[in-house]
Amino acid sequence: MIEARHLRVLRAVASTGSFSAAGRELGCTQPAVSQQMKALEASVGTPLLVRTGREMRLTQAGEALVRHAAGILAGLTAAEEEVAAIAGLRAGRVRLVSFPSGSSTLVPTALAALRAAHPGTRVFLEEAEPPKSVELLREGDCDVALAFRYEGAAGAEEWDDLVVRPLLTDRLVALVPERHRLARTEPTGSVAIGELAREPWIAGCPRCRGQLVEVCETAGFTPRIDFATDDYPAVVGLVGAGLGVAVLPQLAVESVRPRGVRTVRLEPAVRREIVALTLPDLAQVPAVSATLDELARAAARQPA
């Protein structure tokens, strides 16, 4: 009989490559890890690991079991959380992964409302950009992933195996220094991205950087990127100092204090879809469902 604790140990050994490293990750001793692996191998009746010196290598059976472990553990977590929820959400737990601009805008409002409605539900927050956040969800390392994808982007992710909760559509805007010639554009007006073709650029996160290059090349030019940083306040600071222009999602602009810059609407419009993702089993867990609901309410409060 395969036990969940043994599967967690196997995953830790597979990801770290040794019993001692797995023990450190799980907070137990190396002998305890070794004993649990022996018990698991006895349960399944076949070796799961090949020990070659200091290295550990999965057998074919070990690879198969690790491949199924994420789904099995996710199903068990769903069962545990649903049982706890039946007792009144007194022991609910949600592991949420979000990209940075979502963490500073949507997440605080949603989690404050969730805590007020269900004070016994604990939420653990970690930051990761998609596609890493989606990988964490599929691997069973989180319960809800806040993610985004650009409209019409080449190679857009497939989320058919996940529960997708649409939250909002986030439009990209240009950031220019406040003394820039385009800073005088009327708030209701917009500019073609081609008007920025000769400007030096400050690029954002790798994913946004790729989208920027794709949009610019569609408009007939390749942007000259002088600076690149994942830090949104740094992007705003560089633009404010007159070192270039940038394109950021509106949600990212709202997450910082844009001093010394002006935002300008771009044409053609470039948008990204903000969604909350979870696994089908986990979507039935009331604590997870409540988190999705509060994220949707927080998104509805965002300015259009």
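A residue is called buried when its relative accessible area is under 20%, exposed when it is over 50%, and partly exposed in between (1.4 Å probe, protein chains only). Cysteine 216 has 0% relative accessibility, so it counts as buried. Cysteine 28 has 30%, so it counts as partly exposed. A disulfide is a pair of cysteine sulfur atoms within 2.5 Å. A search of the whole structure finds zero disulfides.

This is a predicted model, in which local features need pLDDT of at least 70, side-chain atom pairs count only at pLDDT 80 or more, and totals for chains, interfaces and linings use all residues. Residues are numbered from 1 along each chain as its sequence is written, and side-chain values use heavy atoms, with hydrogens and water left out.

**Confidence**

pLDDT is the predictor's confidence in each residue, from 0 to 100. The chain has a mean pLDDT of 88, and 94% of its residues reach 70 or more. Among the elements, helix 4 (residues 60–86) has the lowest mean, 81. Strand 12 (residues 271–278) has the highest, 95. Where pLDDT is low, the predicted coordinates should not be read in detail.

**The whole chain**

The chain holds 11 helices and 12 strands. These are DSSP runs, numbered from the N terminus: helices are H or I with at least four residues, strands are E with at least two. Along the principal axes, the C-alpha atoms fill a box of roughly 75 × 50 × 30 Å. Of the 304 residues, 45% are buried.

Contact means heavy atoms within 4.5 Å. Take the contacts between residues at least 6 apart in sequence: 72% of them join residues at least 24 apart.

Proline 119 sits in the loop between helix 5 (100–117) and strand 4 (122–127). Valine 285 sits in the loop between helix 10 (280–283) and helix 11 (286–300). Valine 285 is buried, because its relative accessibility is 0%.

| Pair | Apart in sequence | C-alpha to C-alpha |
|---|---|---|
| Proline 119 and glycine 92 | 27 residues | 9.4 Å |
| Valine 285 and glycine 92 | 193 residues | 9.0 Å |
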